[in-house]
Amino acid sequence: MSILCVDRLGVSFGQTPIFQDVSFELNEGDWLMMIGPNGSGKSTLVRAISGAVPYSGSISYLDGDIRRLRPGELARNIGILAQNHYVGYAFTVREVVRLGRYAYTRERGGDPEGEARIRRALELTGMDGLADKSVLHLSGGELQRVFLAQLFAQDPRVLILDEPTNHLDLIYQKQVFELVSEWRREPGRAVISVVHDLSLARAYGTQALLLYEKRALAQGSMDRVFDPKFLNTAYGMDVAAWMQTMLSQWV
Amino acid sequence: MEEKRQRESYGLWTWIGLAVLTLAAMLIAVCVGSVSIPVGECLRVFRDALTGTEASDPGTASILLAVRLPRVLCVALSGAALSVCGAAMQGLLKNPLADGSTLGISSGASLGAALAIAFGFQLPQLPFSGSMILAALFAFGSLILILSLSYMLDSSFSTNTIILMGIVYSMFVSSILSLVVTFAPDKLKQITFWTMGSLEGSSYQNALVLFVMLAVCGTVLIRLAEELNAFAIGEENAMNVGVNVKRVRLVILVTVSLLIGTCVSIGGTIGFVGLVTPHIIRLLTGPNHRRLLPASMFGGAAFLTLADLAARTIARPLELPIGVVTSFVGAILFVLIYYKVGRTAR
């Protein structure tokens with residue numbers, strides 16, 4: 001069943017088009033990898049789905065226009081990890097993660113499983129030891145994990161991750177991708193992520209969308225999108241050869 | 001886990017402690033002045049007044065009940081209101097330099113008051129009513145103007161646009177204010193006094209208006225504590241976790257401007273207390289608005305009460321504008337506390 005359906009999506013800032021005419025469908029269990037060179041509009045596409053930027057075209061969630069969802073409903077269904085995090089005040093890790101339950105605490109009957117979800121999210125991201133520390137004292141990677149924990153606490157059905165492994169140590173890169181990969185196998189779930197590391201994208205994605213020069217240059221199965229003729233055009237180099245050279249360093 | 005949950009907001013005893021400290025500051029302020037009255041006598045006068053007993057010393061009773069008490073009440077309530085507004089604005093705009101004046105509301109209100117003074121606008125039989133009414137109207141008008149201009153320029157209604165419009169508007173207003181002063185030089189002293197703030201001659205009616213506004217607006221803000229936490233962490237993050245960003249922001253801005261407008265209309269623009277108190281309190285409570293907002297109310301009340309006490313006693317018989325004291329003491333206190341606590345707690 002199609003969970004998210006994006007139809008002829010376009011975003012412009014003033015007169016400048018960022019991307020246009022992007023369509024795709026996200027089905028249960030999918031992990032869609034959004035790839036493309038810098039400035040191709042990947043993050044903007046993600047922000048359009050979150051409602052942070054105005055767009056043309058339509059985005060529907062479970063057959064209804066996504067704009068019809070109330071903010072709380074949207075948050076319970078679609079969770080977004082932004083690319084950059086900056087917190088100006090000394091909130092504790094737990095306080096930031098707890099905010100992930102915001103949409104639930106507004107519900108009738110409160111949020112009985114909230115504390116358990118928060119604890120679980122802190123454990124999953126390895127932040128339980130730092131739960132009462134101020135976020136101002138954290139490194140970039142730790143901060144990234146805090147917001148990831150917030151997202152897991154939020155427990156949505158669709159995860160949208162903009163560079164989820166930004167700043168992360170290798171071990172956490174691996175953990176995050178394993179975690180999300182496990183997470184999406186439960187019924188009714190799907191993931192979209194913007195990923196720079198093409199090897200990671202290829203290893204974990206079930207389908208991909210390659211943005212280049214404001215359009216979708218290729219989309220569909222991993223094999224199709226990762227065809228050298230598309231990749232090499234988009235990135236302006238022989239991608240496969242470079243990857244192999246890099247890998248050969250380890251032999 | 002239960003204990004972790006409770007730590008979000010303070011327990012009963014902390015509130016009682018804060019209230020006792022604030023009341024103590026107010027009691028001192030009531031007792032000390034051109035005529036100092038011992039605390040015991042002071043309490044006796046209050047007891048007599050409450051029980052309806054004839055006062056044993058009518059002179060003292062009249063100083064306390066007719067002059068000092070209404071003033072101290074107004075000062076404490078203004079301090080509480082300005083601080084809670086400052087705390088809310090700093091959270092909402094995720095900007096530690098924000099306070100009620102960031103939005104241009106207090107400048108707008110003082111322009112209203114200045115115009116009333118310059119053109120002698122007032123209602124018959126009610127001295128000062130003209131400046132109060134115009135101040136409140138201008139406060140609200142300024143908010144509408146700033147918000148609609150921001151919305152026209154930027155339909156996503158972003159915080160940066162609102163701050164920018166507020167600053168531009170403040171500059172614009174202060175140029176008009178200078179113009180008014182130029183054309184009405186004989187009113188300069190009165191206008192200056194207004195822009196520096198003073199709660200001299202406050203009445204019980206003023207205190208009642210302030211109390212009602214603080215109770216209503218303060219409740220609205222404290223109920224939005226979790227949303228303010230979300231804004232303080234980041235506007236886009238707030239949206240992602242399900243906060244109705246546009247609506248909540250509008251509610252907070254309107255609430256703050258109503259409260260600021262009321263304060264300015266009664267006591268003029270009292271600078272710094274809305275900026276500095278939330279900072280000091282935040283160093284003690286942390287940034288969680290569940291604790292920060294109520295604690296700022298008490299802290300602001302105590303701070304402004306003591307500042308007002310200083311304003312009327314330091315250069316006796318001359319009375320200083322309260323804004324001079326808040327800015328002077330506040331700046332020094334702020335640096336000291338920030339230096340001492342900030343190094344460890346930040």
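Two strands are said to pair if DSSP finds at least two bridges between them, and helices (H or I, at least four residues) and strands (E, at least two) are themselves DSSP runs, numbered from the N terminus. The legends below describe a predicted model, in which local features need pLDDT of at least 70, side-chain atom pairs count only at pLDDT 80 or more, and totals for chains, interfaces and linings use all residues. Residues are numbered from 1 along each chain as its sequence is written, while chains are lettered from A and ligands numbered from 1 in the order in which they are written.

**View 1. The open sheet of chain A.** Six strands of chain A form an open sheet in the order β6-β7-β8-β3-β9-β10, and their pairing is mixed. The edge strands are β6 (78–81) and β10 (215–221) of chain A, each of which pairs on one side only. From one strand to the next the twist averages 15°, where axes are lines fitted to C-alpha atoms, for helices over the stretch in contact, and angles run from 0 to 180 degrees between N-to-C directions. Within this sheet, strand β7 (residues 158–162) of chain A and strand β8 (residues 190–194) of chain A pair in the parallel sense over five bridges, and the bridge partner of A:Val158 in β8(A) is A:Ala190. Helix α1 (residues 42–50) of chain A lies across β3 (31–35), β6, β7, β8 and β9 (207–212) of chain A, and it runs at about 145° to β7(A).

**View 2. Strand β3 of chain A and its two partners.** Strand β3(A) is joined to β8(A) by four bridges, and the two run parallel; here A:Met34 stands opposite A:Val194 in β8(A). Four bridges also join β3(A) to β9(A), again in a parallel arrangement, with A:Ile35 opposite A:Leu210 in β9(A). The strand β3(A) is mostly covered, since five of its five residues are buried, a residue being buried if 20 or more other C-beta atoms lie within 10 Å of its own, exposed if 12 or fewer, and partly exposed in between, with C-beta atoms placed from the backbone. A:Trp31, A:Met33 and A:Ile35 point one way from β3(A), whereas A:Leu32 and A:Met34 point the other way, and all are buried.

**View 3. The hairpin of β1 and β2 in chain A.** Strand β1 (residues 2–13) of chain A and strand β2 (residues 16–27) of chain A pair in the antiparallel sense over eight bridges, and A:Leu9 stands opposite A:Val22 in β2(A). The hairpin has two residues between the strands, and in it A:Gly14 takes a positive phi near 65°.

View 4. A:Glu178 is found in helix α7 (residues 170–183) of chain A, and it counts as exposed because it has 11 C-beta neighbours inside 10 Å. A:Glu178 and A:Tyr204 are 26 residues apart in sequence, yet 8.6 Å apart in space, C-alpha to C-alpha.

View 5. Helix α2 (residues 12–31) of chain B has 20 residues and reaches 28 Å from its first C-alpha to its last, close to the 28 Å expected at 1.5 Å a residue; the expected span of a helix is 1.5 Å times one less than its number of residues. Buried residues of α2(B) include B:Thr22, B:Ala25 and B:Met26, and the buried residues of this helix pack against α3 (39–51), α4 (58–92) and α14 of chain B. In helix α5 (residues 105–118) of chain B, 14 of the 14 residues are buried, so α5(B) is largely enclosed by the rest of the structure. Just after α5(B), B:Gly120 takes a positive phi of about 65°.

**View 6. The crossing of helices α10 and α14 in chain B.** The axes of helix α10 (residues 225–233) of chain B and helix α14 (residues 289–313) of chain B come within 8 Å and cross at roughly 110°. That angle makes α10(B) roughly perpendicular to α14(B), given that angles under 35 degrees count as roughly parallel, over 145 as roughly antiparallel, 65 to 115 as roughly perpendicular and the rest as oblique. B:Ala225, B:Leu228 and B:Asn229 of α10(B) make the contact with B:His289, B:Arg290 and B:Leu293 of α14(B), two residues being in contact if their C-beta atoms, placed from the backbone, lie within 7 Å.
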